[in-house]
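Here is a short report on one protein chain. Please look over the sequence and the model before reading on.

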Amino acid sequence: VLFIIDQSGSMDDLVLEVEKFQGYKNRRRFTIVQAKLINTIETLTDNTNFDIVAFASDLNVWKGRLVPANVVNREAAKSFVARLRPLGGSEAQELAAAGLGGAANIEAGKTNTIKALLYAFGIDPDKPPKDDLVGPGKDAMKRKIDTVYFLSDGKPSTGKVVHTNEILKEVRRYNESYKIVFHTIAIGDFQKEFLQQLAEETGGV
């Protein structure tokens, strides 16, 4: 299992469905997703292998390989997730507006969906394979990922491909070889149809 979690600036926004998200430290999208992911990690069993990738404009990879969900790795993963923060959120925007250097953080806090999704295949869209063969990349073969949980709130805003139809086309192309199941979790108001289609096309929910 690979968990991919969005830490772009928009994840700093508040959820609007107040009744639906009671009992959290605050109503920030990222706080809710973070809590849910930590709870999910806690439920993993020893025979599950997993890794975590956080993404905004770039990727923040936890291990870079699948590791067994034993007690030690689960605790380390929960600590990794607990330390994550949205990049380029409201605080950075306020600093940038005041001319205090928040602009760099805003740039880092865009949503590079294509880079995050293709990571599951061991493909970097900025350095695509030199030939036209679309076979499993050696990194993906090493990881043997068969299931991805993709948590995001935002419309893609940066990266090699930003149009959602083109992103789906790229995933479709590589997934002919890989057969990875993508489950998607949408939080916030945006094009939920995109994440729904990504899940349905790959056998996920």
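Which residue forms a salt bridge with aspartate 126? The partner is lysine 115, and the closest N and O atoms are 3.2 Å apart. The model is a predicted one.

## Overall architecture

The protein has 8 helices and 6 strands. Along the sequence they follow the order β-α-β-β-β-α-α-α-α-α-β-α-β-α. Of the 205 residues, 46% are buried.

The accessible surface is about 10600 Å². Carbon and sulfur atoms account for 51% of that surface.

## Strand pairing around β5

β5 is mostly covered, with 5 of its 6 residues buried. On one side of the pairing list stands β1. It runs parallel to β5, and 4 bridges join the two. Isoleucine 5 has leucine 151 of β5 as its bridge partner.

Strand β6, residues 181-186, also pairs with β5. Here 6 bridges join the strands, again in parallel. Phenylalanine 150 stands opposite threonine 184 in β6.

## Nonpolar cores

The largest nonpolar core holds 27 residues. Those with the most contacts inside it are Leu2, Phe121, Val148, Phe150, Ile180 and Phe182. Several elements each supply at least two residues of this core: β1 (2-6), β2 (49-55), α5 (113-119), β5 (147-152), α7 (164-178) and α8 (192-202).

What does phenylalanine 150 touch, leaving out residues up to four places away in sequence? The list is Ile4, Phe55, Thr113, Ala116, Leu117, His183, Thr184, Ile185 and Leu195. Phe150 is also one of the residues with the most contacts inside the largest core.

The structure holds 11 salt bridges. Side chains of opposite charge can pair when their charged atoms come close.

Lysine 115 forms a salt bridge with aspartate 58, with the closest N and O atoms 3.4 Å apart. This pair links distant parts of the chain. Lysine 115 sits in helix α5, while aspartate 58 sits in the loop between β2 and β3 (59-61), 57 residues apart. Is lysine 115 buried or exposed? Its relative accessibility is 13%, so lysine 115 counts as buried. Aspartate 58 counts as partly exposed because its relative accessibility is 48%.

Aspartate 126 lies in the loop between α5 and α6 (138-143) and lysine 115 in helix α5, so the bridge ties together parts 11 residues apart in sequence. Aspartate 126 is partly exposed, at a relative accessible area of 41%.

Arginine 173 forms a salt bridge with glutamate 170. The closest N and O atoms are 3.4 Å apart. Both residues belong to helix α7. They are 3 residues apart, so about one helical turn separates them. Arginine 173 is partly exposed, with a relative accessible area of 35%.

Elsewhere, salt bridges that share partners join Asp58, Lys115, Asp124 and Asp126 into one network.

Notes: Residues are numbered from 1 along each chain as its sequence is written. This is a predicted model: local features need pLDDT of at least 70, side-chain atom pairs count only at pLDDT 80 or more; totals for chains, interfaces and linings use all residues. Side-chain values use heavy atoms; hydrogens and water are left out. Buried means under 20% relative accessible area, exposed over 50%, partly exposed in between (1.4 Å probe, protein chains only). Accessible areas come from the Shrake-Rupley method with a 1.4 Å probe; for residues, only the protein chains shown count as cover. A nonpolar core is a set of buried Ala, Val, Leu, Ile, Met, Phe, Trp, Tyr and Cys residues joined through side-chain atoms within 4.5 Å. Contact means heavy atoms within 4.5 Å. A salt bridge is a side-chain nitrogen of Lys or Arg within 4 Å of a carboxyl oxygen of Asp or Glu. Two strands pair if DSSP finds at least two bridges between them.
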